[in-house]
Amino acid sequence: MTSGPDIAVVIGASGGLGGALAAALGADPRVGHVVGLSRRRPADWRDGARRTWLKADVLNEGSLAAAAERIAELGAPTRIVVATGVLHAPGIAPEKSLRAVDAATLMRLFEVNAVGPLLAARHLLPLMPRDGPSVFAALSARVGSLGDNHLGGWYGYRASKAALNMFLRTAAIEHQRSHPFAVCVALHPGTVATALSAPILGADLGARAFAPAVAAERLLRVMDGLTPADTGGFFAWDGARVPW
Ligand SMILES: NC(=O)c1ccc[n+]([C@@H]2O[C@H](COP(=O)([O-])OP(=O)(O)OC[C@H]3O[C@@H](n4cnc5c(N)ncnc54)[C@H](OP(=O)(O)O)[C@@H]3O)[C@@H](O)[C@H]2O)c1
């Protein structure tokens, strides 16, 4: 990455990880402006000279196109992180067995976890600079790794993240043709204490999970260390490659 002031975009800025990423980017002196996108305005978000919140739903292309126009007015973003995703929702919980598999739930998980980030890439990747370094990262999950799947279960979430990984790798190949200095990757944040993980971690939350601010700082460090040779890859919070 370059060291000049730049524009950073966080999609899913209302989430546990997205909020922490926006805060960490806002505290980085190299970042001139942080743009946060989400369906809900984060409770503690204050727009200012260096912070802008835009309402956007990753499943609504009109809202993504409108956000892209506003971002383009600020300049070319050099860091974009997609931090949207769902594991639990009303009527949705990770499946423990084939008996629990439900078509509507599978479709919803694919829609939010895989299609949404790809639509974000479709609208925002073209804004990134052609003549200098940039990183587009989407938060995936190690459980989306086929090679690392030794436990089974979680059919929909696992498969939606595996699909996301394929979407990102495919987009990375296309993006590199027009943006040779760019990086487009999937990142595994580790287990992080957010609303998404709370139903799984229960009372052990503090002991077993990273605080969102710690995870955000690690993810941004990984992003800073990536080079165009890494594009299309899948990396964990410690910088190690995750098997496909
Ligand atoms: N926490 C963990 O331990 C962990 C581990 C591995 C991977 N991850 C991944 O990290 C990412 C962030 O997770 P988190 O822990 O920060 O979760 P979170 O606190 O629940 O935040 C999820 C974000 O996703 C957005 N979102 C949810 N459904 C959406 C939809 N239908 N359309 C658009 N946006 C939607 C929410 O924004 P709005 O509802 O405001 O729009 C929110 O900003 C996810 O992709 C998750 O799979 C997390």
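How many bridges join S1 to S2? The two strands are joined by 6 bridges and run parallel; strands (E, at least two residues) and helices (H or I, at least four) are DSSP runs numbered from the N terminus, and two strands pair if DSSP finds at least two bridges between them. The model is a predicted one, in which local features need pLDDT of at least 70 and side-chain atom pairs count only at pLDDT 80 or more, while totals for chains, interfaces and linings use all residues. Residues are numbered from 1 along each chain as its sequence is written.

The pairing of S1 with S2 belongs to an open sheet of 7 strands in the order S3-S2-S1-S4-S5-S6-S7, with parallel pairing. From one strand to the next the twist averages 25 degrees; axes are lines fitted to C-alpha atoms, for helices over the stretch in contact, and angles run from 0 to 180 degrees between N-to-C directions.

Strand S1 is largely enclosed by the rest of the structure, because 6 of its 6 residues are buried. A residue is termed buried if 20 or more other C-beta atoms lie within 10 Å of its own, exposed if 12 or fewer do, and partly exposed in between, with C-beta atoms placed from the backbone. Asp6, Ala8 and Val10 point to one side of S1, and Ile7, Val9 and Ile11 point the other way. Ile7 stands opposite His33 in S2. S1 also pairs with S4 in the parallel sense over 5 bridges, and Ile11 has Val82 of S4 as its bridge partner.

S1, H1 and S2 make a right-handed β-α-β unit; a crossover is right-handed if, with the strands pointing away from the viewer, the path from the first strand over the helix to the second runs clockwise. H1 lies across S1, S2, S3, S4 and S5 and runs at about 165 degrees to S2. Of the 11 residues of H1, 10 are buried, and the helix is mostly covered. The buried residues of H1 pack against S1, S2, S4, S5 and H7. The axes of H1 (residues 16-26) and H7 (residues 212-225) come within 8 Å and cross at roughly 60 degrees. This crossing of H1 and H7 is right-handed, the near helix being turned clockwise from the far one by less than a right angle (anticlockwise for left-handed). Residues making the contact include Leu17, Ala20 and Leu21 of H1 and Ala213, Ala216 and Leu220 of H7, where contact requires C-beta atoms, placed from the backbone, within 7 Å. By class, the contact of H1 with H7 has 11 nonpolar, 2 polar and 1 charged residues. Ala, Val, Leu, Ile, Met, Phe, Trp, Tyr, Cys and Pro count as nonpolar, Asp, Glu, Lys and Arg as charged, and the others, Gly among them, as polar.

In strand S5 (residues 134-139), 6 of the 6 residues are buried, so this strand too is largely enclosed by the rest of the structure. Ser134, Phe136 and Ala138 point one way from S5, whereas Val135, Ala137 and Leu139 point the other way. S4 (residues 77-82) and S5 run parallel and are joined by 4 bridges, with Arg79 opposite Val135. The chain passes from S4 through helix H3 (residues 103-124) to S5 in a right-handed β-α-β crossover.

On its other pairing, S5 is joined to the parallel strand S6 (residues 182-188) by 6 bridges, and Leu139 has Leu187 of S6 as its bridge partner. H4 lies across S5, S6 and S7, at about 170 degrees to S6. S6 and S7 run parallel and are joined by 3 bridges; the bridge partner of Ala186 in S7 is Phe234.

Trp154 is located in the loop between S5 and H4 and counts as buried because it has 21 C-beta neighbours inside 10 Å. Its C-alpha atom is separated by 4.7 Å from that of Pro94, 60 residues apart along the chain. Leaving aside residues up to four places away in sequence, Trp154 touches Pro94, Glu95 and Val143.

Key:
Two residues are in contact if their C-beta atoms, placed from the backbone, lie within 7 Å.
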